[in-house]
Amino acid sequence: MAQTVTLIPGDGTGPEVTDSVKEVIEALGVDIEWEVAEAGETVMEEEGTPLPESVLESIRRNKVGLKGPLTTPVGAGFRSVNVALRKELDLYANVRPSLSLPGIEAPFEDIDLIIFRENTEDLYAGVEHMVGEDAAESIKIITRAGTERICRLAFEQSKELGRKHITVAHKANIMKFTDGLFRDVFFEVSKDYENDFEEIDDRIVDNMSMQLVMKPNEYDVVVCPNLYGDILSDICAGLTGGLGVAPGANIGDEIAVFEPVHGSTPKYAGQNRANPLATLQSARTMLEYLEMNEAAERMQKAMEAALESPETRTKDLGGSAGTKEFTQAIISNLE
Ligand code: NAD
């Protein structure tokens, strides 16, 4: 029976990078049916909301989604649909792997890191208001339950993957209550995994940022609250070739939505310029989640082969290919 997956094409370059996924999945011969659900800027104009209930219903029904990037207006305008989706569906873990790939010029080789970012709390909860006309206040929310489930998932998945070093990034020296709670709960959970890891440690997030750009190979898995995870994962994307290559997954207890780390890059929209690799890598992770491992492996090999030559790499990776040419190169490399 075909697996139905909700597909949100997204804004800006989203439709181009998700089209690339559709073509590659079709060429792979995987039995996936896409249920397209539109969200974002264009829907806002037509329906008065950027996240119609039908989109959430589709994901709840299918349990699996693939999402292109969605635009969030800066300052005024509607709140982030990405954040709303994660909260509405309780996708509490944002898993962002960072892996060096062949043919990509990057500051480091052999990077193989995973960031587990808490996805529903922290300053990202968006609980903020004006205090009079000239001050604004945002409330940072960290709960024991919210922290415990992201930490446990990070330990469980890292153990399964044979990872040996797990680090919590925080700012508990300054935010003693909120980040202090996150750090404490991480170490409480770690007691159940002491025999599975060689190193279980912590870093203050500013130091963590420096360590990641100077000696990323010393790290393996990083667990952190929402906002630090957002920033650290873009740093890690930079270490492996930029936002065009960084995949992500939003995981809950029953539902998962896969999406690239990057945004909608409106300046490249409709120009055959966006690198679809991050979305393709997210789709590859989705195949693994669906236990279609053989197809995931074939897809990965074809992507790596297409990356070998500058003629079939996209411009952000020093190549000359457009979105479509790169996609075709992957398809012709499928075995
Ligand atoms: P962005 O990720 O869209 O772009 C930042 C830069 O990264 C681009 O200028 C480009 O040089 C590079 N880049 C990103 N994706 C690329 C790709 N696929 N191929 C080649 N180069 C790529 O970030 P931004 O400009 O800060 O945000 C644009 C919009 O996207 C905003 O509205 C923002 O809110 C939204 N956004 C959405 C998500 C999401 O949907 N999960 C994530 C981040 C930002």
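I began with burial and found that Lys140 and Asp179 are both buried, where I take buried as under 20% relative accessible area, exposed as over 50% and partly exposed as in between, using a 1.4 Å probe and protein chains only. I keep in mind that this is a predicted model, in which local features need pLDDT of at least 70 and side-chain atom pairs count only at pLDDT 80 or more, while totals for chains, interfaces and linings use all residues. Residues are numbered from 1 along each chain as its sequence is written, and side-chain values use heavy atoms, with hydrogens and water left out.

**Salt bridges**

I looked up what joins Lys140 to Asp179 and found a salt bridge, with the closest N and O atoms 2.8 Å apart. The two residues are 39 apart in the chain, Lys140 in the loop between β7 (135-138) and α5 (144-160) and Asp179 in helix α6 (residues 178-190); helices (H or I, at least four residues) and strands (E, at least two) are DSSP runs, numbered from the N terminus.

For the whole structure I noted 21 salt bridges, each being a side-chain nitrogen of Lys or Arg within 4 Å of a carboxyl oxygen of Asp or Glu.

I then went to Arg144 and Glu188, whose side chains meet in a salt bridge at 2.7 Å, N to O. This pair also links distant parts of the chain, with Arg144 in helix α5 and Glu188 in helix α6, 44 residues apart. Arg144 is partly exposed at 41% relative accessibility, and Glu188 is partly exposed at 38%.

Next I checked Asp196, which forms a salt bridge with Lys159, the closest N and O atoms being 3.9 Å apart. Asp196 lies in the loop between α6 and β9 (199-204) and Lys159 in helix α5, 37 residues apart. I found Asp196 partly exposed at 22% and Lys159 partly exposed at 39%.

I also recorded a network of salt bridges that links Glu53, Arg60 and Glu88.

**Aromatic rings**

My search of the whole structure gave 5 aromatic pairs, where rings of Phe, Tyr and Trp (its six-membered ring) pair if their centres lie within 6.5 Å, and planes under 30 degrees apart count as stacked, over 60 as edge-to-face and the rest as tilted. One of them is Phe186 with Phe187, edge-to-face at 5.1 Å centre to centre and 85° between the planes. Phe186 is buried at 0% relative accessible area, whereas Phe187 is partly exposed at 22%.

I next looked at Phe258 and Tyr289, which count as edge-to-face because their planes stand at 65°, with the ring centres 5.5 Å apart. Phe258 is in strand β12 (residues 256-260) and Tyr289 in helix α9 (residues 277-289), 31 residues apart. Here Phe258 is buried at 1% and Tyr289 partly exposed at 36%.

I noted one aromatic cluster formed by Phe155, Phe186, Phe187, Tyr193 and Phe197.

**Ligand**

I counted 20 residues around the ligand, of which Leu70, Thr72, Gly263, Thr265 and Asn275 come nearest; a residue is near if one of its heavy atoms lies within 4 Å. A polar backbone atom of Leu70 is 2.9 Å from a ligand oxygen, and an N or O atom in the side chain of Lys267 is likewise 2.9 Å from an oxygen atom of the ligand.

Terms used. A polar contact is a pair of N or O atoms within 3.5 Å; within protein, one must be able to donate a hydrogen and the other to accept it, and residues adjacent in sequence count only if both atoms are side-chain atoms.
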